[in-house]
Amino acid sequence: MTTAFGVTHALAHGLNGKPIDIYRPGAADPGSLPTVLLWHGRGPDERDVLQPLAETAARLGAAVLVPDWRSDAPDGGRAHLLDSLEFAREYAASPGGGADRLVLAGWSAGGPAAVGIALRPDLFGGWRPMAALSIAARYDWPSRTTGNSPLSDLARTSAPPLPVWLVHGTADVVIDSQHSQEFADALHGRGWPVHLEEPDTDHAGVVMTEYVPDLDRCRPTTTDHALLGGTHTARLLTHAAGLTTAS
């Protein structure tokens, strides 16, 4: 376990052996912390990409769990995602883990995976998070957890509404922000509480990173738009978890 800049970091592993980073505010009472399970995007095993966002959210008062998962697995990563969900549920309910408040969140391909579970609890034993947050995603493609698009899951769900938070950069050229606007409208039309924020940044900047073509991956950056966009996302993560300090 290490502590830096007010954030404690520990490394755990799921039942399938996948590593899970755990970020917590260093001085907080563990029992008082809400838990955020934060999934990375389509790039296989790229939990490190979300480190800046997770650390920022931890400084604001949440315990943030960031697992690896592989979209190139035969099942598209579903087993990896659900294994990390089981770990997060046990962590949030444990005396030293959190306050039994769990938010599901994800960036890009990870976003619909989180939202899908909130929409279709019938596929997951009836369990539901306290809220779901999706970052820079589209909702007409199949979710990695349900196998259906969130738009089709929304149309068929009978689950009571819960809060859904959407974040999408206005300068995103990878996934147009119109996808989040349309999904927000669909949620609102079905009576689901939805909050959409559109910071002035791009697909990578919304999680405090930049895409590097030579590496074919994202890495942390200190550009103004990414720092502002990522900080904005971190505040919404903690707000979704019920922390008033994020307002």
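Me: Is serine 108 buried or exposed?
Reply: Serine 108 is buried, at a relative accessible area of 15%. Buried means under 20% relative accessible area, exposed over 50%, partly exposed in between, with a 1.4 Å probe and protein chains only. This is a predicted model: local features need pLDDT of at least 70, side-chain atom pairs count only at pLDDT 80 or more, and totals for chains, interfaces and linings use all residues. Residues are numbered from 1 along each chain as its sequence is written, and side-chain values use heavy atoms, with hydrogens and water left out.

Me: Where does serine 108 lie?
Reply: In the loop between β6 and α3. Helices (H or I, at least four residues) and strands (E, at least two) are DSSP runs, numbered from the N terminus. Serine 108 has a phi near 55°, a positive value in a residue other than glycine.

Me: New topic. How many aromatic pairs does a search of the whole structure find?
Reply: One. Tyrosine 139 and phenylalanine 183 are stacked, 4.2 Å centre to centre with 10° between the planes. Rings of Phe, Tyr and Trp (its six-membered ring) pair if their centres lie within 6.5 Å; planes under 30 degrees apart count as stacked, over 60 as edge-to-face and the rest as tilted.

Me: Which parts of the chain does the pair link?
Reply: Distant ones, 44 residues apart. Tyrosine 139 is in the loop between β7 (131-135) and α4 (150-156), and phenylalanine 183 is in helix α5 (residues 178-189). Both residues are buried.

Me: What about threonine 56, which helix is it in?
Reply: Helix α1 (residues 51-59). Threonine 56 is buried, with a relative accessible area of 13%.

Me: What does threonine 56 touch?
Reply: Met208, Thr231 and Ala234, not counting residues up to four places away in sequence. Contact means heavy atoms within 4.5 Å.

Me: And threonine 233, where is it found?
Reply: In helix α6 (residues 224-240). Threonine 233 counts as buried, at 0% relative accessibility. It touches Leu53, Ile135, Val167 and Val206, leaving out residues up to four places away in sequence.

Me: Now the whole protein. How many helices and strands are there?
Reply: Six helices and eleven strands. The radius of gyration is 16 Å, close to the 18 Å that the globule rule gives for 247 residues, so the protein is as compact as a globular protein of that length. That radius is taken over C-alpha atoms, and the rule is 2.2 Å times the number of residues to the power 0.38.

Me: What share of the residues is buried?
Reply: 56% of the 247 residues.

Me: What part of the contacts comes from residues 24 or more positions apart?
Reply: 69% of the contacts with a separation of 6 or more.
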